[in-house]
Amino acid sequence: MRAFREAVEAHDLDAAEALLAEDVVFTSPVVFKPYAGKAITAAILRGAARVFEDLRYVRELSGPDGRDHALVFTARVGDREVDGCDFLHLDEDGLIDRFMVMVRPLSGAQALAAAMGAQFERITEEAEARLA
């Protein structure tokens with residue numbers, strides 16, 4: 001999904017948020033329970049943008065129907081290098097309705113969990129402000 005990729009790479013999180021469906025479900029690489037809704041997903045994306053350094057997409061894959069996409073990325077979290085993939089599914093309107101992230105190696109995932117955990121109070125406040 002080129003539009004999402006370009007928005008993230010340009011740090012244009014408003015543009016990335018505009019591509020999310022209201023009922024999007026976000027699945028984190030480090031939390032068991034998925035998060036439902038545009039407000040919390042957008043806030044998580046903003047938190048991730050504060051945590052990931054030097055994020056760049058290195059490969060983009062698309063399914064035959066154009067509704068499934070995989071964006072492979074590299075980044076740093078503190079002193080840990082991570083490789084990851086954003087798996088995106090588009091609804092009938094072309095908006096992201098499922099968003100799953102996976103990262104490796106384990107040490108990178110652990111660094112990500114700690115860094116995002118430190119952000120989570122701010123993420124929750126941002127999500128609640130969007131719903132108000």
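Which helices and strands each supply at least two residues of the lining of the largest pocket? They are α1 (2-9), α3 (38-51), β3 (53-62), β6 (96-104) and α4 (106-131). These names follow DSSP runs numbered from the N terminus: helices are H or I runs of at least four residues, and strands are E runs of at least two. Before going further, please keep in mind that this is a predicted model, in which local features need pLDDT of at least 70 and side-chain atom pairs count only at pLDDT 80 or more, while totals for chains, interfaces and linings use all residues. Residues are numbered from 1 along each chain as its sequence is written, and side-chain values use heavy atoms, with hydrogens and water left out.

Now back to the pockets. A pocket is found on a 1 Å grid over the protein atoms alone, as an open set of points where a 1.4 Å probe fits, with protein on both sides within 12 Å along at least five of seven lines; its lining residues have an atom within 4 Å of a point. The volume is the space filled by probe spheres set on the points, which are joined across faces, edges and corners. For the largest pocket this volume is about 430 Å³. Its lining counts 26 residues, and I44, L45, A48, A49 and F52 lie nearest the centre. Helix α4 gives the largest share of that lining, five residues. Sorted by class, the lining has 21 nonpolar, three polar and two charged residues. Here Ala, Val, Leu, Ile, Met, Phe, Trp, Tyr, Cys and Pro count as nonpolar, Asp, Glu, Lys and Arg as charged, and the others, Gly among them, as polar.

The second largest pocket holds about 160 Å³ of space. Among the residues that line it are E17, K38, I40, T124 and R130. Both α3 and α4 supply at least two residues of this lining, and the largest share, five residues, again comes from α4. Its lining divides into four nonpolar, two polar and five charged residues.

Next, follow the strands. Six of them form an open sheet of mixed pairing, in the order β2-β1-β6-β5-β4-β3. The edge strands, each pairing on one side only, are β2 (35-36) and β3. Two strands are said to pair if DSSP finds at least two bridges between them. Strands β1 and β2 run antiparallel and are joined by two bridges, with F26 facing its partner Y35 in β2.

Further across the sheet, ten bridges link β4 (residues 68-77) to β5 (residues 80-90) in the antiparallel sense, and A75 stands opposite V82 in β5. These two strands make a hairpin with two residues between them, where G78 in the turn has a positive phi of about 60 degrees. Strand β5 also runs antiparallel to β6, over eight bridges; there C85 stands opposite M102. That hairpin has five residues between its strands, and G94 in the turn has a positive phi of about 80 degrees.

Finally, look at the largest nonpolar core. Such a core is a set of buried (under 20% relative accessible area, 1.4 Å probe, protein chains only) Ala, Val, Leu, Ile, Met, Phe, Trp, Tyr and Cys residues joined through side-chain atoms within 4.5 Å. It has 36 residues, of which F4, F52, I96 and F99 touch the most other members. The largest share of this core, eight residues, comes from α3.

Conventions:
Buried means under 20% relative accessible area, exposed over 50%, partly exposed in between (1.4 Å probe, protein chains only).
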